[in-house]
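Biologist: Thanks for joining me. Shall we go through this model together, one question at a time?

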Amino acid sequence: MGGNRPVRRDGVVARRRGGRPGLEHPGSGRGGDRAGAGPGRGRRTPRLDSLARLLADNGRIDEAIEVLRPRLGDWFHRDALVEISDGHGRDARVIDLLRRADGRGGPWNTAVIMLARVLERGGRVDEAVEVLRTRIDRARHTSTNDVEELTAILARHDRFDELRLLATGPHARWAVGSLAERLEQSGRVDDAVAVLRSAVEADVPCVADRLALLLARSGRVDEAVEAVRPELDHVDCACLMVEFLELLIAAGGARMALDLAAETAERNTHVAEYVTGLRPWLLSETGRGDEAITEVAARIENDDDRRGVEQLAVLLESEGRVDEAIAALWDYAAETGYGRSHLAHMLIGQGRVEDAIAVHRLPKPAPCDPVDDPRADVSAEPPSL
């Protein structure tokens, strides 16, 4: 089972070493100042974070800190400073350096967030909370990263009253999310649902989808479907839909997931074509793999939709028809370069190691015009919004 389960790329918040979320960085996609830019000058400075990590990994922590010290106007050097110093008894030095770096780079400077993290890991939670509150209260333009960090710290230390207070103000969106997440982690699912329901009723933005996903994770699928329906009317609901459908399937609601996707396609024309691509995966999850294979094969033959070849191969493999999957993918992988890793993996599983090696030695296809690219979306008209 599993069909052609879509791969979601979250991307908004990258996972970093130690499981700590990264930061959103304007312009660079990661957070803080412009990557490589000197503090306020727009000049390029050499990246020495890798060198600092190498020194730290070899026990030369003071040298590593000294390498980073003059370059803390850049977010990646601040990140490296906090990371390499963890557990080395240098927090006092790091705190001093980060306090000096605060204010360089404007409102997107992440020094306060890094400072809060060092204070928190040293058990100085009240100070961590205070530096973030001060930053938020004084900022002319509040950074989302600052608010998210504050609510995350409060949640990690079960400071529910403070979170509830934040949830009634301008930062409700983040406070509500952190509060509900922490309540769920503590096993207080009903309380988490109640918090989110109240926020939805108060028209707090970006909370209704959290409620639907929480209900689905908790196995309350009927309530979850009712909660998610209005959210699936939006133009950009595709990522939410996939995540929600996966949770429904995990809760034993594969048939319900298939019906919801079909209903959404009828109601929201913006995602109708996208749902068509999801249908074979959903059919497979409901035990109708052969039907899914027939539909995809017909689409390839009738519409010359070569993008469906990889989907067909995945479906065939999931139904145990590996030889057919290999045959379906072979010419496509050779001509386009797509699907070669999947093809090689299946060949190795069949004991055909030499054939798998040959696949990776196939000539690289010449770059093609987007019109000829089997994966490209070349619709002449932009999507209507």
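Modeller: Happy to! One term before we start: helices here are DSSP runs of H or I with at least four residues, numbered from the N terminus. Please keep in mind that this is a predicted model.

Biologist: Let's look inside a helix. By how much are Arg255 and Asp259 separated in helix α14?

Modeller: The side chains of Arg255 and Asp259 meet in a salt bridge, at 3.3 Å from N to O. Arg255 counts as partly exposed because its relative accessibility is 48%, and Asp259 does so at 38%. Because the two sit four residues apart in helix α14 (residues 254-267), the separation is about one helical turn.

Biologist: Now a longer link, please. How many residues apart are Glu184 and Arg217?

Modeller: In general, side chains of opposite charge can pair when their charged atoms come close. Glu184 forms a salt bridge with Arg217, with the closest N and O atoms 2.9 Å apart. This pair links distant parts of the chain, Glu184 lying in helix α9 and Arg217 in helix α11, and the separation is 33 residues.

Biologist: Are Glu184 and Arg217 buried, exposed or in between?

Modeller: Buried would require under 20% relative accessible area and exposed over 50%. Glu184 has 22%, whereas Arg217 has 44%. Both values fall between the two cut-offs, so Glu184 and Arg217 are each partly exposed.

Biologist: Which helices do the buried residues of α9 pack against?

Modeller: Helix α9 (residues 172-185) has 14 residues and reaches 20 Å from its first C-alpha to its last, close to the 20 Å expected. Its buried residues include Trp174, Val176, Leu179 and Leu183. Just after α9, Gly187 takes a positive phi of about 85°. The buried residues of α9 pack against α7, α8, α10 and α11.

Biologist: On to helix α19. How wide an arc do its buried residues cover around the axis?

Modeller: In α19 (residues 340-349), Arg340, Leu343, Ala344, Met346 and Leu347 are buried. They lie on the same side of α19, because around the axis they cover an arc of only 160°.

Biologist: And which exposed residues does the face of α19 turned away from its buried side carry?

Modeller: The buried residues of α19 pack against α17 (308-318), α18 (322-336) and α20. Turned away from that buried side is a face with the exposed residues Ser341, His345 and Gly349.

Biologist: Last one: which residues are linked in a network of salt bridges?

Modeller: The count of salt bridges comes to 33. One of them joins the side chains of Glu127 and Arg124, at 2.8 Å from N to O. The network you are asking about links Glu226, Arg229, Asp233, Glu263 and Arg267.

Terms used: Residues are numbered from 1 along each chain as its sequence is written. This is a predicted model: local features need pLDDT of at least 70, side-chain atom pairs count only at pLDDT 80 or more; totals for chains, interfaces and linings use all residues. Side-chain values use heavy atoms; hydrogens and water are left out. The expected span of a helix is 1.5 Å times one less than its number of residues. Buried means under 20% relative accessible area, exposed over 50%, partly exposed in between (1.4 Å probe, protein chains only). Contact means heavy atoms within 4.5 Å. The arc is that of the directions from the helix axis to the C-beta atoms. A salt bridge is a side-chain nitrogen of Lys or Arg within 4 Å of a carboxyl oxygen of Asp or Glu.
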